[in-house]
Amino acid sequence: MLVLGIETSCDETGIALYDTAHGLLSHTLFSQIDMHREYGGVVPELASRDHIRRVLPLIEQALQAAQRKLQQVDAIAYTQGPGLAGALLVGASIGAALGFALNIPALGIHHLEGHLLSPLLSDPVPEFPFVALLVSGGHTQLMQVEGIGCYKLLGETVDDAAGEAFDKTAKLLGLGYPGGAALSKLARQGRPRIFKLPRPMLHSGDLNFSFSGLKTAVLTLLNKQEITEQTRADIALAFQDAVVEVLTEKSLAALSQTGLSQLVVAGGVGANEHLRQNLNLKATRHGATVFYPSLEFCTDNGAMIAFAGALRLQADGLTKQQSTSSFNVKTRWDLETLES
Ligand code: KG4
Ligand code: ZN
């Protein structure tokens, strides 16, 4: 079965072709980051307009790279939510229109389901059940994953997402948008233990997170001293250490609470080297194994959507899905409400 995946939930247009017999055949991506950078964040209207411009050429490129024709596609999987309404509508309308025209099913996929299944595209492959740490620009959640569509929320952020905290702190440090990767690069020049920032909710006794206080703590530090290039790097390191320690400790606590021994990390912040090193070290001591998507599939992409669609269609059977001309998007969508 050949599945065409379409991701347009935020500021990346991602397309992929996944074949259930041969794996991922091709994927293409256009990131709008350069366009949004001058505004310091994603401008929803510009995002939707750019998705419209990119989506069809990217589909053509993906087909060409996979040496397949549109008529060979058996099903479409598009991101139905959560995300920006206008951006989601581009992928959903193209997906539904192609499905209707080709008389094949077009399936709406939950963006976070795509992220949390993305490590299954890499080798070694985790097996169900596992704990998933979802750390992106919009979400920070610990989920217990029993199988496709069986997701139990163990804990989540009560305010900012981890990626959002990275981005806001990066802005305070004078780095560009989005700042996660740049902050992490700057932190490499930082000296350990020069500054110590709080570990929010580390001992809260639950699996929830809070990151909004950290940027205020960073601002207070910045206002207190003369800022040199070295201090900026020291603060970047102190911030990263605080986030990484909280994410690591809560992930280990989730493994203990559930009695599971596999941790899957997904979402943009999962690209953070320091987080990966610390999780690997602590999880090994804990007797657990950590799985990551390859770096290119940590951030938004079409491959994870095509793949999640293929798994769902394999589980449900292609014939159960009808092609239909109607579609909707869900800007807010609780992952726990999904069914297998
Ligand atoms: O999953 P993603 O592409 O988009 C959402 O669905 O939100 O994640 C983007 C987030 C941004 O906040 C970005 O700053 C962060 O992931 N990010 C990082 C790194 N690379 C990307 N954060 C920390 N360290 C990194 N190396
Ligand atoms: Zn995402």
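Colleague: Which is the crossing of helix 6 and helix 8, left-handed or right-handed?

Modeller: Helices are DSSP runs of H or I with at least four residues, strands are E runs of at least two, and both are numbered from the N terminus. A crossing is left-handed if the near helix is turned anticlockwise from the far one by less than a right angle, and right-handed if clockwise. On that test, helix 6 and helix 8 make a crossing that is left-handed.

Colleague: Before we go on, what pLDDT do local features need?

Modeller: Residues are numbered from 1 along each chain as its sequence is written, while chains are lettered from A and ligands numbered from 1 in the order in which they are written. Side-chain values use heavy atoms, leaving out hydrogens and water, and this is a predicted model, where totals for chains, interfaces and linings use all residues, side-chain atom pairs count only at pLDDT 80 or more, and local features need a pLDDT of at least 70.

Colleague: How is helix 6 oriented relative to helix 8?

Modeller: Axes are lines fitted to C-alpha atoms, for helices over the stretch in contact, and angles run from 0 to 180 degrees between N-to-C directions. The axes of helix 6 (residues 180–187) and helix 8 (residues 229–258) cross at roughly 115° and come within 7 Å. That makes the pair roughly perpendicular (under 35 degrees is roughly parallel, over 145 roughly antiparallel, 65 to 115 roughly perpendicular and the rest oblique). So the orientation is roughly perpendicular.

Colleague: And how does helix 7 run relative to helix 8?

Modeller: Helix 7 (residues 212–224) packs on helix 8 at about 160°, and the axes are 11 Å apart. So helix 7 lies roughly antiparallel to helix 8.

Colleague: What stands opposite Gly 81 in strand 5?

Modeller: Strand 4 (residues 75–81) runs parallel to strand 5, and five bridges join them. Opposite Gly 81 is His 110.

Colleague: What geometry does the site of the zinc ion (ligand 2) have?

Modeller: Its protein donors are His 111 (NE2), His 115 (NE2) and Asp 300 (OD), at 2.0 to 2.1 Å (donors are N, O and S atoms within 2.8 Å of the metal, or 3.2 Å for Na, K and Ca; water is not among the atoms, so sites may look incomplete). Four donors count as tetrahedral if all angles lie between 85 and 135 degrees; four are square planar and six octahedral if opposite donors are over 155 degrees apart and all others between 65 and 115; anything else is irregular. The four donor atoms here make angles of 91 to 143°, and the site is irregular.

Colleague: How far apart along helix 4 are His 111 and His 115?

Modeller: Both histidines are buried. They are four residues apart in helix 4 (residues 111–117), so the separation is about one helical turn.

Colleague: Which residue in the turn between strand 7 and strand 8 has a positive phi?

Modeller: Strand 7 (residues 140–147) and strand 8 (residues 150–156) run antiparallel, joined by six bridges. They form a hairpin with two residues between them, and the one with a phi of about 80° is Gly 149.

Note on methods: Pairing = 2+ DSSP bridges. Buried < 20%, exposed > 50% of the residue type's maximum accessible area, 1.4 Å probe, protein only.
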